[in-house]
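Dear colleague,

I am handing over the structure that we talked about, and it is shown just below.

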Amino acid sequence: MPTRVNRRWLIAKPLDGRVSEANFRWTKSTVPRVAEGQFLVHNRWLSVDPTQVLLLRRGNPPGSAAPVGEVPWSLAVSEVVESRHPSFSPGDIVHGEMAWEDYTLTDGTGFNPAFKVPDGVPLNWAAGALGLTGLVAYFGVHDVARTKPGETFVISGAAGGVGSIASQLAKIYGLRVIGIAGSPAKCDWLVREAGVDAAINYHEEDVGKRLTELSPEGIDIFFDTVGGPSLELALDRLRPGGRVVLCGMTSQYLAESPLPGPANLVQLIMVNGRMEGFLGRDFLPRRTEAFEAMLPLLRSGRLKSKEDVLVGLREAPKGLARLLSGENVGKQLLQMDEPPES
Ligand SMILES: NC(=O)c1ccc[n+]([C@@H]2O[C@H](COP(=O)([O-])OP(=O)(O)OC[C@H]3O[C@@H](n4cnc5c(N)ncnc54)[C@H](OP(=O)(O)O)[C@@H]3O)[C@@H](O)[C@H]2O)c1
């Protein structure tokens with residue numbers, strides 16, 4: 001039987017204000033043996049996430065050394081090929097914490113424990129719209145924002161992975177949705193395809209002025225996926241009982257020094273407002289609820305899974321860089337190519 005080769009990226013040096021292929025090193029190794037309580041997966045789709053930048057930069061947990069020499073962590077959808085674990089069998093499709101490599105050995109535990117993907121779910125959806133990205137959008141809109149029909153919902157990073165799902169869900173639930181995004185193509189997609197009410201290109205337009213024009217009575221919810229100046233602008237326009245959902249801070253993940261926070265937090269007091277951060281992984285035990293709500297919407301085409309797909313493990317660093325340059329439109333995914341046998 002031929003020996004399986006495990007192609008993998010290793011972290012060559014910590015990220016220093018940018019992400020490029022020079023931060024990583026391409027290697028090959030042999031596939032590890034499976035011990036009791038472990039299973040081996042063949043990675044099929046990698047989810048490329050800005051959070052990876054944060055962990056590569058600061059180490060995991062935050063403050064520890066950047067993990068030079070290690071394989072970069074990645075959420076992935078993978079097929080179990082060998083198992084000595086009681087809950088996972090060969091042929092199972094799982095979502096979990098894997099790595100930038102063809103084969104990952106795991107016990108299924110971690111910050112985002114592995115779970116079996118229900119039968120019939122397309123693997124790209126399992127990695128994106130129904131992966132952690134989709135769960136964050138779903139529970140952020142439902143449980144954290146606690147949206148009500150008729151409310152005004154403003155979202156940053158609106159054409160990104162989380163943003164594209166959250167803005168469509170808010171629209172489906174009867175809210176008025178204004179998306180903030182970084183290019184004409186993204187704004188065009190938001191209005192024409194995702195069906196949001198308006199989109200603001202923050203590179204070319206005065207976001208504060210446009211928010212006031214589009215919503216003179218203020219906003220009820222600000223769903224923030226990027227952090228930075230739009231948070232302050234949204235706080236200034238928050239209506240009584242308004243909510244700010246802190247989902248992500250992509251604009252800060254590569255910052256050399258701490259960035260200034262919003263100077264107008266007093267607005268939260270004045271409107272009896274609420275600002276809340278949340279971790280999608282805490283909602284993993286409720287993923288069936290999100291699957292049951294979103295799968296029919298995806299199947300009917302009412303909810304669109306906007307994906308930006310790179311093909312081949314070699315492209316992984318490029319995928320990460322695209323998130324920071326804003327090149328990705330929709331969820332950045334990487335479809336794995338077939339590993340060689342030798
Ligand atoms: N809370 C949780 O559990 C959880 C889970 C998953 C993800 N997240 C967070 O959610 C956020 C979105 O993740 P995603 O996977 O959906 O990524 P994404 O939004 O698809 O990709 C990143 C986008 O951020 C924008 N961006 C990048 N650098 C920026 C900068 N300096 N200033 C402003 N915008 C910038 C770009 O969009 P534009 O071109 O529009 O600027 C880029 O396309 C991330 O911060 C991530 O860490 C949180």
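The protein chain of this predicted model is divided into domain 1, which takes in 5-128 + 307-335, and domain 2, which covers 133-281. Taken over C-alpha atoms, the centres of domain 1 and domain 2 are separated by 28 Å. Where the two domains meet, 18 residues of domain 1 are in contact with 17 residues of domain 2. On the side of domain 1 that touches domain 2, the elements that give two or more residues are helix H1 (50-58) and strand E15 (331-335), and the largest share, four residues, comes from H1. By class, the residues on that side of domain 1 divide into seven nonpolar, eight polar and three charged.

As for the chain as a whole, its secondary structure comes to ten helices and 15 strands. Along the principal axes, the C-alpha atoms of the protein chain fill a box of roughly 70 × 45 × 35 Å. The radius of gyration of the protein chain is 20 Å, which agrees with the value near 20 Å that a compact globule with 342 residues would have. Of the 342 residues, 44% count as buried. If you consider the contacts in the protein chain with a separation of 6 or more, residues 24 or more positions apart account for 67% of them.

On the H3 side the contact is made by Gly134, Leu135, Tyr138 and Phe139, and on the H9 side by Arg287, Ala290, Ala293 and Met294. Sorted by class, this contact of H3 with H9 has six nonpolar, one polar and one charged residues.

Leaving out residues up to four places away in sequence, Val144 touches Phe139, Val245, Glu276 and Phe278. Val144 and Val34, by contrast, are 110 residues apart in sequence and 40 Å apart in space, C-alpha to C-alpha.

Most residues other than glycine have a negative phi. Arg146, although it is not a glycine, has a positive phi of about 45°, and the place of Arg146 is in the loop between H3 and strand E8 (152-156). Arg146 counts as partly exposed, with 14 C-beta neighbours inside 10 Å. Asn272, likewise a residue other than glycine, has a positive phi near 50°, and Asn272 is found in the loop between helix H8 (266-270) and strand E13 (274-277).

With best wishes

Key
Residues numbered from 1 in each chain as written. Predicted model: local features only at pLDDT ≥ 70, side-chain atom pairs only at ≥ 80, totals over all residues. Contact = placed C-beta atoms within 7 Å. Nonpolar A, V, L, I, M, F, W, Y, C, P; charged D, E, K, R; others polar. Domains from an automatic or database assignment. Rg over C-alpha atoms; globule rule 2.2 N^0.38 Å. Buried ≥ 20, exposed ≤ 12 C-beta atoms within 10 Å, placed from the backbone.
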